[in-house]
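Please consult the sequence and the model shown here while reading.

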Amino acid sequence: GAGFYQRRLFTQRYVCLMRQGHPLAKGELTREAFLRARHVLIDAQGTGHESIANVLAEAGVPSPVCLRMPHFVTVPFVIASTDLVVTVTDKLAEATAERFGLVTRAHPLDFPPLPINLFWHRRFHQDPANQWLRSLVHELFAEFSDEE
């Protein structure tokens, strides 16, 4: 909106996450197999992840899904001990797969990439402390330079 600046940090993609022994954990994950699977849906309203529910509904994933959760934090614990499949960002999958014995599969549905940006209000654009903080956040989390 008006009065805000932004700077791209990285782009996330959606993947499927499941336990290593899951029947769908080996080979290509087809659309048909994905649609037959039992799902966890993350209802993270107001976060930009609402598109997950929309794409799943348009694809015909049975509703209601087996489990709805309000956030991503507990997902690896649930997935590790069930035959449920969840759609998560690649960053979450990378961070949890090894620790929880999970497998990541390319998603068979077409999800738009999720851009992650740093935002700040124009009131702080010239503020030296805010400039330093933005620079630090960019240095720590950006996956590409602004020239790319």
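## Strand β3

Four of the five residues of β3 are buried, and the strand is thus mostly covered; buried denotes a relative accessible area under 20%, exposed one over 50%, and partly exposed the range in between, with a 1.4 Å probe and only protein chains considered. The model is a predicted one, in which local features need pLDDT of at least 70 and side-chain atom pairs count only at pLDDT 80 or more, while totals for chains, interfaces and linings use all residues. Residues are numbered from 1 along each chain as its sequence is written, and side-chain values use heavy atoms, with hydrogens and water left out.

β3 spans residues 38-42 and pairs with β4 in the parallel sense over three bridges. Strands are said to pair if DSSP finds at least two bridges between them; the strands themselves (E, at least two residues) and the helices (H or I, at least four) are DSSP runs numbered from the N terminus. Within β4, Arg68 stands opposite Leu41, and Met69 stands opposite Ile42. β3 also pairs with β5 in the parallel sense, over three bridges, and His39 has Val85 of β5 as its bridge partner.

## The sheet

The strand order β4-β3-β5-β2-β6 describes an open sheet of five strands with mixed pairing. Its edges are formed by β4 (67-69) and β6; each has a single partner strand, so one side of each is left without a neighbour in the sheet. On average, neighbouring strands are turned by 30° against each other, direction ignored. Here axes are lines fitted to C-alpha atoms (for helices, over the stretch in contact), and angles run from 0 to 180 degrees between N-to-C directions.

In β5, six of the six residues are buried, so this strand is largely enclosed by the rest of the structure. β5 pairs with β2 in the antiparallel sense over four bridges; Val15 has Val88 of β5 as its bridge partner.

## Helix α4

Helix α4 covers residues 90-100 and packs on the sheet, where it touches β2 (14-19), β5 (84-89) and β6; the directions of α4 and β5 make an angle of about 130°. Contact in this report means heavy atoms within 4.5 Å.

Which residues of α4 are buried? They are Asp90, Leu92, Ala93, Thr96, Ala97 and Phe100. These residues cover an arc of only 140° around the axis, which puts them on the same side of α4; the arc is that of the directions from the helix axis to the C-beta atoms. An α-helix has 3.6 residues a turn, so residues three or four places apart point the same way. The buried residues of α4 pack against β1 (4-12), β2, α3 (75-80), β5 and β6. On the face turned away from the buried side, α4 carries the exposed residues Glu94, Ala95, Glu98 and Arg99. Gly101 follows α4 and has a positive phi, near 70°.

Cys16 is found in strand β2 and counts as buried, at 0% relative accessibility. Although Cys16 and Val86 are 70 residues apart along the chain, their C-alpha atoms are separated by 5.7 Å. Leaving aside neighbours within four places in sequence, the contacts of Cys16 include Leu29, Phe34, Val85, Val86, Val103 and His107.

His107 lies in the loop between β6 (102-106) and β7 (114-121). It is buried as well, with a relative accessible area of 13%. The His107 side chain makes a polar contact with that of Thr87 at 2.8 Å; such a contact is a pair of N or O atoms within 3.5 Å, and within protein one must be able to donate a hydrogen and the other to accept it, with residues adjacent in sequence counted only if both atoms are side-chain atoms. Beyond four places in sequence, His107 is in contact with Tyr14, Val15, Cys16, Phe34 and Thr87.

## The chain as a whole

The protein chain has five helices and seven strands, which run β-β-α-β-α-β-α-β-α-β-β-α from the N terminus on. Of its 148 residues, 41% count as buried. Among contacts with a separation of 6 or more, 79% are between residues 24 or more positions apart.

The accessible surface of the chain comes to about 8900 Å², and 53% of that area belongs to carbon and sulfur atoms. Accessible areas come from the Shrake-Rupley method with a 1.4 Å probe; for residues, only the protein chains shown count as cover.
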